[in-house]
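User: I'd like to learn how to read helices, contacts and cores in a model. Could you walk me through an example?

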Amino acid sequence: MLPLYTDSWGNVLRIFPHDRHVFLADEREDRRRRPSGVRMVSSGQPVRGKIGLLCSDRPSKMRPIMNDRFLKACRREPVDCTPVWFMRQAGRYMVEYRRLREKHSILELCKMPELAAQVTLQPIDRFALDAAIIFADILLPLEPMGLSLEFAEGEGPIIHNPVRDRAAVDRLKVIDDTELQYVMDAISLTRKMLAGRVPLIGFAGAPFTLASYAIEGGSSRNYIHTKQMMYREPETWHRLMDKFARVITGYLRRQIKAGAQAVQLFDSWVGCLSAGDYAEYVMPHVQLIFEGLKHEGVPLIHFGTGTTA
C-alpha cells in the first residue's frame, strides 16, 4: 500500500514512488500511474523530493493513515518497497536536536520523557520514515545496577567504577526496571504523539556489549580486560552475562507493555569475537533473552555490527 495522507476535507494525498511526485487524488483511482483528472497539489506543479512537506491548495491539518510497512516486513508479509528507518534517527545532523543539546545532556534528554518523546519525533516530522525508534541509550540500565555512568563531552561514555573481578560482579544489582520507568513513560507518551503514523521501536543493549562497556570502563578498540575475564575467569564472566541477560529481558518486556511495537537487541561490539567464542561465551545468554520474549507478540530484532563475515 502506498503512503496516504488525508486533509481535513477528506481529500487523499498520495505519494507515487515511481516519480516521487505528490498528487491530490481520489483514493479509488489507480495508484500505479497518474490517474486522469488528478489535480496537482501545488500550483499545477508536482512536488519533488519533499515528501515530508506535503501541502494542498487549501490550508489543512494532515491526518495520517497508519503506515505499517515496517511491521509487515517484520512479519514477512508483502510490502510495496523496503521499509526505511535508521538506528540513530535523531541526532546531531538535525538542528532541532542540537538546540536541545545546548541546554541538556544526553542523560537528561533520556530521563525526561517529554524531551525523549520530542526528540524521537523530530526525524518523523521531517522525513518519510517507516518507523520511529525511542530516544534512549543502551547504557541506561548500568546506573541502577550500581555503575557510575557519565557521558563526557568529546569522549563518549565513561564508567568510573568498572567491573574487573568477581566481587564487582556480585555487587551489581539485578534490577526490576522500575528504576527505568522514565523510558516506559517516554514510550507511552511517544505512542500518543505519533497517533498511529508509524510504529515505534524499543531497544536495549545486548549482554556482551553492556559487559564490554562495564569491564573496559568505556569504549575500547581491543577489549583486553573483557577478554581477560572471559578467558581466565569464565565462571565470573557467565555470572556477569547472566545478570545482564535477566535485566535486559525484563527491560524489553516492560518496553513492550508500555507500547513498543517491536524491540531490537543491539550488540554493537560483538563483531570482535570469533564464531566459536560467540557460541561459547555469548549465545546462551542471548538465547535466554529471546526465549523470555518470544510470547510477547511483537517482532524481535537482533542486530550486531561486524558480523557479516
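Analyst: Leaving aside neighbours within four places in sequence, L288 is in contact (heavy atoms within 4.5 Å) with D242, A245, R246 and T249. This is a predicted model, where local features need pLDDT of at least 70, side-chain atom pairs count only at pLDDT 80 or more, and totals for chains, interfaces and linings use all residues. Residues are numbered from 1 along each chain as its sequence is written, and side-chain values use heavy atoms, with hydrogens and water left out.

User: Where is L288 found?

Analyst: L288 sits in helix α12, residues 283-293; helices are DSSP runs of H or I, at least four residues, numbered from the N terminus. L288 is partly exposed because its relative accessibility is 38% (buried is under 20% relative accessible area, exposed over 50%, partly exposed in between, with a 1.4 Å probe and protein chains only).

User: How do I check the length of helix α10?

Analyst: The expected span is 1.5 Å times one less than the number of residues. For the 25 residues of α10 (residues 234-258) that gives 36 Å, and the end C-alpha atoms are 36 Å apart, which agrees. G259 follows α10, with a positive phi near 135 degrees.

User: Which residues have the most contacts inside the largest nonpolar core?

Analyst: In soluble globular proteins, nonpolar side chains tend to be buried together. A nonpolar core here is a set of buried Ala, Val, Leu, Ile, Met, Phe, Trp, Tyr and Cys residues joined through side-chain atoms within 4.5 Å. The largest has 81 residues, and those with the most contacts inside it are L140, W237, L240, F244, I248, L252 and V282. Helix α10 gives the largest share of this core, 11 residues.

Conventions:
Helix = DSSP H or I, 4+ residues; strand = E, 2+ residues; numbered from the N terminus.
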